Amino acid sequence: MTLTVSDLTISRGGIPVLEGLNFSLEPGGALVLRGPNGVGKTTLLRTVAGLQPAVAGTVECDPESIAYAAHSDGLKGMLTVSENLHFWADIFGTKGIDAALKGFDLEGLVDRPASALSAGQKRRLGLARLLVTGRPIWILDEPTVSLDVASVEMFADAVRAHLAAGGSALIATHIDLGLEAEVFDVGPYRAKPENSTDAFSGSFDEGFL
Ligand SMILES: Nc1ncnc2c1ncn2[C@@H]1O[C@H](COP(=O)(O)OP(=O)(O)OP(=O)(O)O)[C@@H](O)[C@H]1O
């Protein structure tokens, strides 16, 4: 499943932020998005994931192939670690959570309510859900926030295994994950001010899709 972005212009709150974006993501490949705070990386990921429309251009990809992990963990605090993962496995029609528990070192926390996890543990659980989606294209927004060094490596291992199995990943991150990945600096694609409509419209935040 290839994801192809062509001549894409994206906006946030009615204001174009990036324009003229072209890239593709092939099975087995990873693309790391770089750029300064506020340049539009999250907006790009949201657009590619289908959470907001593009201003111009196209994103070619089966939406059903995408698993999106946003800034927030999007956990159900009353449910245990195990229940959270089973909830998502049911949603995505997949079976088994053992690989997700093992891959993110959550086996000792299965019966703990998500609300009683530390920030890093919550992030590990949020990322573990990627493994139960069964979806090939991972779109990840700052996935390593709150993770310690060992957990960052755990996450990088999960991405490597995903790529080796034919999946792909589009990742916005400010840190070096040690992946064999192309890097795409979106800084030079800032939209020109004259293209701004200067209209503000609110939007909702979502944890995971
Ligand atoms: N809900 C919103 N409504 C209107 N504008 C927004 C909204 N969220 C973000 N913006 C603005 O849109 C622009 C792009 O933000 P975006 O979050 O995509 O940047 P980013 O590159 O991901 O930044 P960071 O590295 O800080 O996460 C910024 O100027 C930001 O202030």
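Trainee: What is the strand order in the open sheet of 5 strands?
Mentor: In this predicted model, the order is S5-S6-S7-S3-S8, and the pairing is parallel.

Trainee: And which are the edge strands?
Mentor: Those are strand S5 (66–69) and strand S8 (182–185), each of which pairs on one side only.

Trainee: By how many degrees are neighbouring strands turned against each other?
Mentor: On average by 15°, with direction ignored.

Trainee: Let's zoom in on S6 and S7. How many bridges join them?
Mentor: There are 5 bridges between strand S6 (residues 137–141) and strand S7 (residues 168–172), and the two run parallel.

Trainee: Which residue in S7 is the bridge partner of Leu140?
Mentor: That would be Ile171.

Trainee: Now the helices. Which strands does H1 touch where it packs on the sheet?
Mentor: H1 touches strand S3 (30–34), S6 and S7, and its direction makes about 150° with that of S7. Helix H4 (residues 119–133) packs on the sheet too, touching S5 and S6. The direction of H4 makes about 175° with that of S5.

Trainee: At what angle do H2 and H4 pack?
Mentor: Helix H2 (residues 81–92) and H4 pack at about 35°, and their axes are 9 Å apart. Their crossing is right-handed.

Trainee: Which residues meet there?
Mentor: From H2 you have Val81, Asn84, Leu85, Trp88, Ala89 and Phe92, and they meet Leu125, Ala128, Arg129, Val132 and Thr133 in H4. By class, the residues of this contact are 8 nonpolar, 2 polar and 1 charged.

Trainee: Switching to the ligand, which residues come nearest?
Mentor: Of the 12 residues around the ligand, the nearest are Arg12, Gly13, Asn37, Thr42 and Thr43.

Trainee: What classes make up that shell?
Mentor: The shell around the ligand holds 8 polar, 2 charged and 2 nonpolar residues.

Trainee: Which element gives the most to it?
Mentor: H1 does, with 3 residues.

Trainee: Is Pro53 buried or exposed, and why?
Mentor: Pro53 is exposed, because it has 9 other C-beta atoms within 10 Å, and a residue counts as exposed with 12 or fewer.

Trainee: How far apart are Pro53 and Ala156?
Mentor: In sequence they are 103 residues apart, and in space Pro53 and Ala156 are 30 Å apart, C-alpha to C-alpha.

Note on methods:
Residues numbered from 1 in each chain as written. Predicted model: local features only at pLDDT ≥ 70, side-chain atom pairs only at ≥ 80, totals over all residues. Buried ≥ 20, exposed ≤ 12 C-beta atoms within 10 Å, placed from the backbone. Near = placed C-beta within 6 Å. Helix = DSSP H or I, 4+ residues; strand = E, 2+ residues; numbered from the N terminus. Nonpolar A, V, L, I, M, F, W, Y, C, P; charged D, E, K, R; others polar. Pairing = 2+ DSSP bridges. Axes fitted to C-alpha atoms, helices over the stretch in contact; angles between N-to-C directions. Contact = placed C-beta atoms within 7 Å. Left-handed = near helix turned anticlockwise from the far one by under 90°.
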